[in-house]
Amino acid sequence: MGPQHPSTHGVLRLVLELDGETIVGAEPTIGFLHTGIEKTAEQKKWQQVIPLVERMDYLGAQSNSLSFCLSAEKLLGLEMPDRVTYIRVLIAELQRLNSHLVWLATHAMEIGAISVMMYAFREREQLLNLNEMIAGFRLFPSYIRIGGLREDLPRDYKKAVKELLDKMPAAIDNYELMLTKNQVWTKRTKGVAVLSKEMTLALGLVGPMARAVGINYDVRRMWPYLKYDTFDFVVPTRTAGDVFARYQVKVEEMRQSVRICQQALERISPTGVYDCGDYRVVPPPKDRVYTEMEALIQHFLIYSQGFTVLKGEAYVPVEGARGEHGFYIVSDGGNRPVRVKSRAPSFLACQALPHMIKGGLIADVIAAIGSTDVVMGDVDR
Amino acid sequence: METPVQIPFDAQVLDLVREKVPADAIEPAPAVDMPTAYVAREHMLAVCETLRDHPALQFSFLVEITAADYHPATPRFEVVYHFACLGEAFAQPAGAAVPRRLRLKVRVPDNDLGEQSLPWAHSLTPLWPAANWLEREVFDLFGVAFTGHPDLRRILTPDDWTGYPLRKDYPVQVRKDAASWSPMQLTVEEFAANVRATRAASAAAARTRVDEPVPMRTDKD
């Protein structure tokens, strides 16, 4: 099955061993999308790595750049002002919403509920418009930078976000109306691709996959970054561990993301700083670059030679849309990283596929792949 | 930008691990983000077993296995493991341990070759099934073999790939001439003469085509 099968999320190939319709054995083959991003990143200066890592998990682009920047800032010992932190929270949660919407749309479509896709992509389009507002680029904005943000939020951005957030709860209700009590949907998802609690963690699966089986682990709760401990939200869990439980967890997560976004929106002051103000790392503001010699020199230095990062290694996990996600980075004190490694949740989800589908039917393979929410860019990197 | 605070290694973890292995098998190292230690290669499995199964530790979540190449330093490679204990979220029946994170590193020299004539480390796949693909990835990209691994094959690159791409001595962008292209074997004059001859022949053919019947192809041809 695959790699050109329409329901294998890009270029996943599964070699299935069958007994009639029942699956006896399965072997995922990956690597069709391997582009050596980690090798390329070692040749780039620190700030040039950000557009590269955003292309790894291309549905959660800003969760990549966020975790990379947090790791680099850990090594640099930089503290972010509150306003930057809250804008990052907003961006991260909108990205999670974005990723979950694509997951819901494609997952439902693969199982046969095509109309859900139309509605989910309608809202996702508006999220991409928001990305376009902050960066001019809809999929990979590269808005989060080491030491802060690329620039301040554009005028009317908060208004546009608010409009979308006001619409979202009703929109999510609408998706649920089409699926949750739909008999076709429940029969295709309940009791399918079940993983036990022990097996889930032994296979390194965290995030929505683990919360669907009752492992109440969310990086935002257990090891808060970006001041998530000051936000009011619920970590949804289920115990069934099947495709339907994963669906319920993710839909509930979307509601919680909307709540976090609303709180972040209230906390972001209309004007203020958008970086940490350490001009060894972030370029000085444009008005100073145009008027002061020193600022111009510093701007030129950062963009021509880059900045150095203290020698050491760091791994700061964040809760991505697919689970714990982080970058292990090593610096030798130079202006280019020695090693950049993404902890890719999709890679491990892919590894777990045979354990989930063994003994099931071919038709359930599609439901299983959809529920793991693998992004092949994240698997192959 | 101040020098970040170094995180000390947990004394409790260190003591419990040292119950099973010699004291010099685990050696704390400075790090800014989480407790870090170097572990002697031959004691790695024993250390991990204690970490996973001891009721006061319960590091049941293998977060990540990766490696780094410090060429030309010796020992050349470091295999890096991240672990986490999830506390209440995933506890042994007797009770939960404190949630915490841990990084262990194993130094792998490149002059002590094991199976497949490669630098080697012990496989953690018997303890965590998740290690299976993570170790295959390290094997594929760094050429570090894991002894005890059930299925050590390349995973991201094709099976017939040569070399280990993430090693520092692997060239970044190999530019090769496309095999289908070869330089022109004619001089410019010969080329021009050829073109003229072809044009003259096709012009002559076009002139005769109207009044001469097209020769029929026979079986003898």
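1. Chain A has 381 residues, for which a compact globule would have a radius of gyration near 21 Å; the value for chain A is 21 Å, which agrees. This radius is taken over C-alpha atoms, and the globule rule is 2.2 Å times the number of residues to the power 0.38.

2. This is a predicted model, in which local features need pLDDT of at least 70 and side-chain atom pairs count only at pLDDT 80 or more, while totals for chains, interfaces and linings use all residues. Residues are numbered from 1 along each chain as its sequence is written, and chains are lettered from A and ligands numbered from 1 in the order in which they are written.

3. Chain A contains 16 helices and seven strands; these are DSSP runs (helices H or I, at least four residues; strands E, at least two), numbered from the N terminus. Buried residues (20 or more other C-beta atoms within 10 Å of their own, C-beta atoms being placed from the backbone) make up 52% of the 381 residues in chain A.

4. Helix H4 of chain A covers residues 82–111. Of its 30 residues, 26 are buried, so H4(A) is largely enclosed by the rest of the structure. Just after H4(A), Gly112(A) takes a positive phi of about 125 degrees.

5. The contact takes 38 residues from chain A and 31 residues from chain B; two residues are in contact if their C-beta atoms, placed from the backbone, lie within 7 Å. On the side of chain B that touches chain A, the largest share, six residues, comes from E3(B).

Conventions:
Expected span 1.5 Å × (residues − 1). Buried ≥ 20, exposed ≤ 12 C-beta atoms within 10 Å, placed from the backbone.
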